[in-house]
Each structure stands twice: as C-alpha cells, then as structure tokens.
There are 4 protein chains.
Amino acid sequence: MIVVMKPGATKQQVQHVIDLVREYGLKDHVIYGTDRTVVACIGDKRMVDKSAIENAPMVERVVPILAPYKLASTEVKKARTQVKIGPQGFPMGSSKVGVIAGPCAVEDRDQLFRTAEAVKAAGCIGLRGGAYKPRTSPYSFQGLGVEGLKILTEARQRTGLAIVTEVIGLEQLDEVAEHADVLQIGARNMQHYPLLEAAGKADKPVLLKRGMSATMEEFLLAAEYVINAGNINVILCERGIRTFEDYVRNTLALAAVAELRDKTHLPVVVDPSHGTGHAHLVPAMCRAAVAAGADGLLVECHVDPEHALSDGAQSITPKVLSELMPVLRRIAEAIGREL
Amino acid sequence: MIVVMKPGATKQQVQHVIDLVREYGLKDHVIYGTDRTVVACIGDKRMVDKSAIENAPMVERVVPILAPYKLASTEVKKARTQVKIGPQGFPMGSSKVGVIAGPCAVEDRDQLFRTAEAVKAAGCIGLRGGAYKPRTSPYSFQGLGVEGLKILTEARQRTGLAIVTEVIGLEQLDEVAEHADVLQIGARNMQHYPLLEAAGKADKPVLLKRGMSATMEEFLLAAEYVINAGNINVILCERGIRTFEDYVRNTLALAAVAELRDKTHLPVVVDPSHGTGHAHLVPAMCRAAVAAGADGLLVECHVDPEHALSDGAQSITPKVLSELMPVLRRIAEAIGREL
Amino acid sequence: MIVVMKPGATKQQVQHVIDLVREYGLKDHVIYGTDRTVVACIGDKRMVDKSAIENAPMVERVVPILAPYKLASTEVKKARTQVKIGPQGFPMGSSKVGVIAGPCAVEDRDQLFRTAEAVKAAGCIGLRGGAYKPRTSPYSFQGLGVEGLKILTEARQRTGLAIVTEVIGLEQLDEVAEHADVLQIGARNMQHYPLLEAAGKADKPVLLKRGMSATMEEFLLAAEYVINAGNINVILCERGIRTFEDYVRNTLALAAVAELRDKTHLPVVVDPSHGTGHAHLVPAMCRAAVAAGADGLLVECHVDPEHALSDGAQSITPKVLSELMPVLRRIAEAIGREL
Amino acid sequence: MIVVMKPGATKQQVQHVIDLVREYGLKDHVIYGTDRTVVACIGDKRMVDKSAIENAPMVERVVPILAPYKLASTEVKKARTQVKIGPQGFPMGSSKVGVIAGPCAVEDRDQLFRTAEAVKAAGCIGLRGGAYKPRTSPYSFQGLGVEGLKILTEARQRTGLAIVTEVIGLEQLDEVAEHADVLQIGARNMQHYPLLEAAGKADKPVLLKRGMSATMEEFLLAAEYVINAGNINVILCERGIRTFEDYVRNTLALAAVAELRDKTHLPVVVDPSHGTGHAHLVPAMCRAAVAAGADGLLVECHVDPEHALSDGAQSITPKVLSELMPVLRRIAEAIGREL
C-alpha cells in the first residue's frame, strides 16, 4: 500500500500517517519525491481497510499494491484447478472445452427432456435449466421450484449430462445441492455473501457468475469467499457487464477470459446468451469465447424459443446448436484444445 | 407493446406474429408503414415475457410501452406515500427533509453513542449503523451482529433517533426487525428477491438502496416486490451508480431524484457517502441532493474516521456535519421545504 | 511513478527496470515488500510514457503518482481564475453565479431575439445559441453558419448579454471568435487537439465541455492544451457522461463540480440540459448544480420547444426559466454566493 | 416513430400531437390501448427531430422505429462492400481476413522498417503507424508529422504493405491522403463531422474507429456522413468502449462485430490493442475477433515496446505476432474463411 501525501504536507502530517501505518501493523518506508512525499507500507495489508488512512490530514490518496484475494490467486496456487462435474466427471479447466446448454427455466418434463436429448446429441457435456428463477418483475414466471429439480434429476438419468442449476437463497441450498451437479450462483447474487459462504460448505462444485457491474477484483473476492469457506471447486463465469450499449442486453467482456487465466487458477466459462441477449449474436460469441481460451460455455437453448417462459429472445434452437458445435470443435483444435 | 417487423417480412410472417400476440391474450393492431410493418399489441402485457416474440422469424425488435411496475407507480397511486419512521414518527416523504447519519458499522458502544449524540445534536432525525456488514472481502470486518443491534437499540433509547440498519439475509430478518426502526436493504441485495419478499412481510419500513447498476425500472420493480408482498412503507435510496469515473467510488445520479418523484409516490433519499466515496465531496453532494428535491439524506459520520473499521474515507466528522446542517436547512427553505 | 514487479521477479529483472527508469531520467528507489518488489521513480514523469515500462519482463503494473496536468492545477496556481465574459465583463469564477441560457441552435432572428429578451428579463448574464451545430446525423439541421453568428451579435447589441457559441472546427474559428464573447468547444471535440491549440491562441475565453466519457484527468488535460497554447481563460463545463442509464440522455455527474474545485483553479459551470436530455428534469438539476457549488449554468431555453429544430426535448420555456431564477438565487445565497 | 401519451391525456392533447405529426409531414395512426394512447407516425422521419414532439403536453416519450442511417444500412444495399486497399488491392470485406500491424507511432526509419519487414514476414497485408498523433497530454510525443508520412511511403515501397495512418484534422487531410493507402479516423474524431465530410471527398478508403462511447447508431451515422459525402469505401473498426472495467484500457465489445455484419454492408475490423491496452491480452482478443467474424485486425506491434514513444504497454513484439498468425489462420479456416 502506498500513501500519497498532498504537496505541502508538513513533517508532522507525514509523521501522523507513519504512526497510523505502524498502528495497523505495517512497516513504513518514506520517499521524498520532487512534488510529493509518499509513504510505502510494507506487510500484508489484506486486513487493513485502506480507506481509513485516506481521511488523515493532507493525504491525497491511498494506492493498494497487493491484490486483496489470496486463495483464488495464481500467486498462492500455480497449478490450474480442474473441477470435475457430473456423472462423467468432465474436467472443467483441463485441455477439454465443455459446453453446457439448456433452457433458461425448466418449464415442464416434455420441454426439458426434448432439449436435454438435443443438447446431448449435439455433444454437450452439461444441461442447464433453472428451477428457482430470480426475475426482475414479481409478475414473471418464477420457476417450478422443487418440481423443476426433480425433472432435472430425471434428465440426468436419461442423458448422463451434468446438471447445472441456480440457487437463489440459503433456504433452498440443501435441496438444490441434492439434485444438482453444479450449484449456479447468479450474477445478482455474486455479492450475496451469506450464500457464498454456504456454497463454500456444500460438497458440490459452484459455478459463480460475474455480477453485471463487478470488477475482476470483486469477482475474485466473491470466489475467495467460497474457497475460504471450504470449497475450491469454483468455476467462474463471464456473462457480460452493464455498459451504455443498447443493442445488447449486456456487453460480453471476453478479455476477462484472458485476464482471469492470468490471475487465477480457477476454470473460466462464458455465457454468451446473457452476454448478448439476442439469439442472432450468440453463435459468433460462442466462437469468440472458445477462441479467447474459455474452458467452457453456458448457452441457453430452447426447443421453442417463441414460447419460452423466460429469456426466449436469447435462446438458440437445438438446430443452431448442433450446427455450431462442429465449428467450435475446429476452433478449439486451432488453439490446441479439444471439444 | 410494439412488435417491429424487419423490412421484407412476408404476410405469413406478420400473421405468425399476430397469432403469437393473440395466444398471449393481447389484441393486435397492424400498421403498415413506409419501410416497416409494426404490430401494436393492446392489453396489459405485464405478465408476458416480450422477449419470446423477438425470436419469431423476421421480427426486428419488441418495444415495451407500459412500465412493468404498477403498485410503485404514480399511475396507480397519485398521493405521495409518507413513511413514518422511528419513535418520533418522522414523516419521510412529506414537506420535511430528514437527515439520517451515523457510522458505516457499529464498532463499539462508545463509538456509537458518541456519534449518536453528535448526530442528534446536529438536528438529524435518524441514526444509521451496520450490525451485519456485506463486505467485498472475506477478510474485512463483518460487523458485530446481534451485539451491534443491541447497541443500536440502546442508542435509540438515549437519543430518540430512528434506527436504520441493514439486513443482509432472510436468516437475520426477524432479529433485525426486532431492533431496527427501518430495515435497510443494501445495493448488492436490491435484486435479492427472496429477501425483498420477506421484507414485504415485515412490519417495519424498508429503505431500499438502488443497485449499483440498476436501471430506474429495475429499481422500481424491486420496490414492487416489497409492496406486492404487503409492505408499502418503502423508502428509495439513490446511492450512486457504477460508471467509468475513477475519482469517485460511484457516480451519484441526482437526476434520479427528480425522475423518481415523477414515476413513483414513494419517498426518495440520497446517500452521498457511497455516492462519492470521499469525505471531501460529501457536503457538496448533500447540498445538491436537498436542492434536487430529496426527501432525506443518509450520511456516514464517524467520530474518528482514520480509525473506522470500514468506509473511513467517506465518513464525515460530527464537526463537518454540524456545520453542514444549517446550510442544508437554508437550501430546503429556498425550495419551500423544512429541515 | 511506482513500478510494481510481479512476485518472483529476479534481481536481474528488477535491475532491468531500474536501468529503464534511469534511462528515462528518473531516480529509482527500490522497496522490497513481503510479496512484491516495488520500484519508486522520483522526478517529474510528465514527459515519460509510463506504459513502455509495463512491457518489461515481470512488471505487473505501473502506478502514476503525479497528475499529468500542471497549468490547470491548483498545485501550480492556487488563486481561483476569474474569467470575465461579455460586454459587462461578468466574472465567472467569483462569488457570483452566472446563468447562460438560450436555444440549442439559432433558427431565425425572431426566435433568437424573443428568447434573448426573455433570458435577459429572467436575470441571466449570457445567451447561448449554436450557429454551427455538430449533429449526429448528416440529415439533421446543421445550423445557420455565419448568418447565425450575425444574429447572435445583434442579440448582444439588443440585450448586453454575453454570447456563447460553439466552434466545431479550426476553419471557422476566426469567424466565430469575431462574433462570440465565449468560444464553446463541445463535448465531441474535447479531444480535438488541433482545435484546442487554436483556441489557446484566440483572444476570447473558452468554454470547454467535458467529453461524454472523459475522465477528470482527460478533461483537465484538454484544458491544459488550451492554457499551454496561451489562453488561461478557460471555463470548464460538466454536461453529463454516458452511462447505462436510459431515462436520461446523459448522467449528470455533479460530484465533478466539487472535485474540480479541488483540483483546478478554473471556473466550473454545469449544463443540465444535455446533462439530462429532458426538460422536466432540468429545473431540479439547475438547483442541484448551484447547491453543489457551480460557478454558472448553461441552460437550453426555447420559446417554442415543440418546434425547435434541435434538442426540443431538453429545452425549457422562458416561463419555466423565469420561475426558476428566484429559486436559484435563494440557493446561491444559502451557500454564501450571489446570483 | 411512435408517440406514447401519458395516461390521462385528453382528446385535445392527443389532437395536438396529431397536428404536430402532420406538420412534420408524417401520417398519423392513433391506437387507444388499455392504459395509454399511442400515435404511430408513418413516413420517413429521418429529417424530423423527434425530440421536439416529446415536449408537447402529456407526451410520455417518443420511440423511433426506423434506423436513422440509410446508405450504411443493409436495408438499402444488401451486397457486402469490399474495400480494396494498398498496392495489392487486398479486398477487405471478402472471405479473406486481413491483418494490419505496426507501431502506434512512426518514431524513426529504422524502427519502422524493421517493424514493417517483420509484419510482412508474418503474413500481414497492411502496416499501421501514426505520423500525426492525437495525445491526451500536450506534453506527450505528438508524432513526426510529414516526415513520418514519408517514412511510411518508403516502407510501402520496400514491402508492398498497405499503409494505414491517422488524419487528425482537415488541415493535413490532403497531405495524409497523398501518402496513405487508408485514412484512419480515430476514436476521438468519430464525431468530428467536418473531418468526416472531408474524408468523404477524398479518394482513399477510410478506416473509421468507433468512438469510445459511441452507440452502434452513432457509429453507423458517422459512416453515413462519409458515404453521404461521396466515399463508400469505409472500413469500420471496433476498438473497445469505455466502461467501469479497470484491468483494461477499454472493454472490447466483440458482439459489435456480429451486430455490424447484420446492420451494415461495410467491412468490420477489430483493434485488440486499444481494445485491451495490455500486450498480454492482445493475442487472445485477436483470436476471438477472427472467430467472431471480423474481416480484419489492426494490431500494434513494436520491435522494442519498452522504449516505444507511445502505447508501449499494448504493443506486441514481432515474435508474438509471428507465432500468432498461424493460429489466426486456423481459426479463420475453422469458420470457412482464409487468412
């Protein structure tokens, strides 16, 4: 941590900062520059709330040097984490790229089974589908709940696909964990810390979506909550961020894939459905995500998008999916991976 | 809802959309323009997921016409809602402007009581302070929990101030509701729907903070969740949004105050502490918020910001607060209100 | 400037950075922390492109310490700059708040004169109006050009108001400078450096609008271009930034007013018309801007907004303006200023 | 265009809007819905400033239906435009993907020629390099000017590469056009309309970069300015947008590639250097851009990035480029294209 003093700071004011730094258990190192005095603070400042020092007289700003996360970082664990998912134990985070597809919401048995079979036939390794849906409006379809979970379990039995489904509150975590292979924590819950901690105590892998305005640091700190609570099987999911762009639901920030590979050992998947919001943009972004180095994809696929109870506009059909998969395979191979 | 067809859509394709519209229980009204055919859909579309139709062939886009919220809207309830808070029943949403101040977190009895007394002396009507803190890092101070709630209750007894404190999960809602006068739902939980519904069943007013990247519509739909569950005593809080700006923690969007007064009958308060992130910007934004027409303020105030366990950088001192209050009073009077 | 090495950087790699730093004419100061080695660089780095060093092996990032602007900074000039404008020499940047109002574009003599008289009667000190309009679409009204400038000059003769009008290219700068009292440089041209330099050589004050996605640093560097070319009479104008918000044309970032007062000696005005895009939000944001400490306002006002050739939606009528002015005066007085 | 009335609008108020619509030369079509009356306006509204009508009494909002651009649209021209560039006439916008690489700025003959040869050897078809540099700071290296243009011309003679270089003002347009194969208009100048019009009269292709906060519509309207002035040879360049993300210089919005292919017939290239700002992220984003369907890339490449006079941090070395090209070729082939 570096404390930058304002120009004109007196000796006493610098000393006051030094005293504060020492109080916080850090070692100080003062540098007198041409225009500014700077107090470098040595030691692990992860526990210190840097903002407190900013309020000392004549402090201009405080610049953190260390990343605030540890367990999620490649500094602490260099080997890439492979998260095994589903009945087949697909290794997410290996040289294999895994595609997970399925409807936004489980609507009924017929819809889900038809989709699941198409998803399986196309070569995907997982089935997504929400039983509990966090909906912007209280008047929208909220999911089938436990009934939906049972349908998902049945779909796994029929297809062998790994089941990925969302948990939106502590209160259903056990129930979801009982049926799901992967617990999805949605973008709106990325900073729902009690849920993160509870997921850290579950014995299922967690797919953690990036909040729609989360920085990389906040995203990795959310993962850190899960790991810190005991569960290292965290899959990160980039799903688009909120920007001024209005032709998309979210702006898919694919550089996040490369940045995360640099900063963390956890696997990274991409959700081009929420990441664009429109079916016609999804195939191009699936291709781009694989080319960027994503370990997997999470794609919304519906047998009848026009009648989907949620997210119809961003769901591709099984036909589009089955045509896309061979292209994705060739791209994966072009960068030395398999799919 | 207006469905815009792409140029070149055939009669059959338009008819297909008309059929879908009718299936959804809406009345259609087709307009043939110079370049586009447009299908206007008449009826209350709040239950319809518009996005489904977007996936029909040759549909360019779907434009919603009605706002998706009702109960929170001035269309349904024209009279402004006054939310009475605290032992004195201060009417938030009346001609009076109410200032709520206090530390980010309750740290100990001494800190809280000293702050509470200063806050009271300055003319504020409420005391804020977190007992459960949602922290970005798992290694940061997480609040005193129930112990903090008890200290807050004691502070109310000493000062008569209304206690505003955050609830971060369903699991402590009852406990918080027992001690608090106002249940604060934080920005990160604005779309935590199970919590919103639970707060809708509590018999305490709710102060709902705008999510850091929430649109007005999402914000009002979050309020709609609370009202729909039975609690109309919702106070909305603008607390800054996430943008590219880096000299502030968040960009305080004060036009939201005027827009919300137009769209909703609920009272609106402003949090210039999170809305800027830096103590030196807080007084100017307090003044601006009152001038813009805010019904109240939520301000972080700490007796010793340099040693605050959280948010020290954005906390003003009691001295700054006491100098600010008379200025705010004059501004309130300048626009025909009291403080 | 602080160069942060990645963990595991070797002595040679650190030495390589030290060599680079010295090559750039800076003094190095190495700090060995618990997890990182940091090379602090002492000297005025304004000429050095910091990004070059970032590409050296095992460099994690480069943190600038000094602001890159000088002449615009309160570090170099502490006394506030007063910019005298118009025939009356109104001192922008003094204790007086000056309101400049008028139509987006000069449309004809009648429209402008009627507006000018209303603006004058309301107590404003300047008249705005575009003769050259930068329009998003090539098919929109592009302004009357030199004819518009002549009408503006006539309006000044009739009313004594200071004329503020935009210059959109080097090629008309002389002509605009001949007729205008203040040269407005629009948001889209904030980083049009040849224009900034030319304006720096003109002998008229410059009103520089913040680019719609400009940081404070970029904004002040744009002012630096003008000052560096010889013209210190720069008025900064916050006019809203582009964010995800869709109920406004731009998000008016009023904290910028307080931040700029801290960082620069130049006067700061606010444009709540572009800053919101909708007439019904303009009065509240005018009030907030004055309360925040703005030295002036730039407001769009049109005698017949429904028929305005541009920006009708964000133009208030003379009636609204005349009712607003006394309120603004009371707010100015509440914070110890005049209007 | 659809005018949405507020609930409670009277017959007279609706009639007033109808009258306005007719005054603007449009045909009206009124729809009485359950909660709102809507006036659909038929006719080509491109010339009408919709915002004027928004100011009529009881109008809630105005929704445009037609895109405001024409010449750039696939509605008007379905066949994809191929822009032939350089001595070899490389067809940008064909099935071939073309890579253009080179330094941010021309620094001297040696630097440029060494880079040009490496770029050529790697299989690129164009050489980028700035002679006139728009720099955020007036104290930064501003380019070699006409001397730089001459060095670029020489580089073309040596290598046969197409020369892409920026023009930052009307005043050097002729000079740049004389030396360059492609006139680059930078992100900061995307809405510098006089420059766009002048480029529309030049007989060289134009590479138009998206402004850092430009919407798709504004981007295509900027292209429309160039085409409308007479030059259809416009190459669009996505180069990242400004968002809250701080680990990148800009957020590269690759969905723009797919969206633009849908909306316009113009070729689309991607600049992953500005689109990320950091060399370590560039290769992944080059791969993603090609996979997304970009017609070409614009990449910063420098023989000695640590000593680059500008943008060193985002420049890859010739070695990285030469390793990347075969991968890009395989990805292009995976999607049925060549490189």
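## How much surface is buried

Buried area is the accessible area (1.4 Å probe) that two parts lose on being put together, summed over both. In this predicted model, chain A and chain B bury about 4500 Å² between them, with 49% of that on carbon and sulfur atoms. Three residues stand out on the chain B side: Asn55(B), Tyr139(B) and Glu306(B) supply 17% of the area that chain B buries against chain A, more than any other three residues.

## How the two copies are related

## What makes up the interface

In terms of contacts, 55 residues of chain B meet 55 residues of chain A. There are 27 residue pairs in polar contact across the interface, both partners at pLDDT 80 or more. The salt bridge count between the chains is two; Arg242(B) forms one with Glu218(A), where the closest N and O atoms are 2.6 Å apart.

On the chain B side, the elements giving two or more residues are α1 (11–23), α2 (51–54), α6 (193–201) and α7 (216–228). The largest share, five residues, comes from α7(B). Sorted by class, that side has 25 nonpolar, 17 polar and 13 charged residues.

Conventions. Residues are numbered from 1 along each chain as its sequence is written. Chains are lettered from A and ligands numbered from 1 in the order in which they are written. This is a predicted model: local features need pLDDT of at least 70, side-chain atom pairs count only at pLDDT 80 or more; totals for chains, interfaces and linings use all residues. Side-chain values use heavy atoms; hydrogens and water are left out. Contact means heavy atoms within 4.5 Å. A salt bridge is a side-chain nitrogen of Lys or Arg within 4 Å of a carboxyl oxygen of Asp or Glu. A polar contact is a pair of N or O atoms within 3.5 Å; within protein, one must be able to donate a hydrogen and the other to accept it, and residues adjacent in sequence count only if both atoms are side-chain atoms. Helices (H or I, at least four residues) and strands (E, at least two) are DSSP runs, numbered from the N terminus. Ala, Val, Leu, Ile, Met, Phe, Trp, Tyr, Cys and Pro count as nonpolar, Asp, Glu, Lys and Arg as charged, and the others, Gly among them, as polar.
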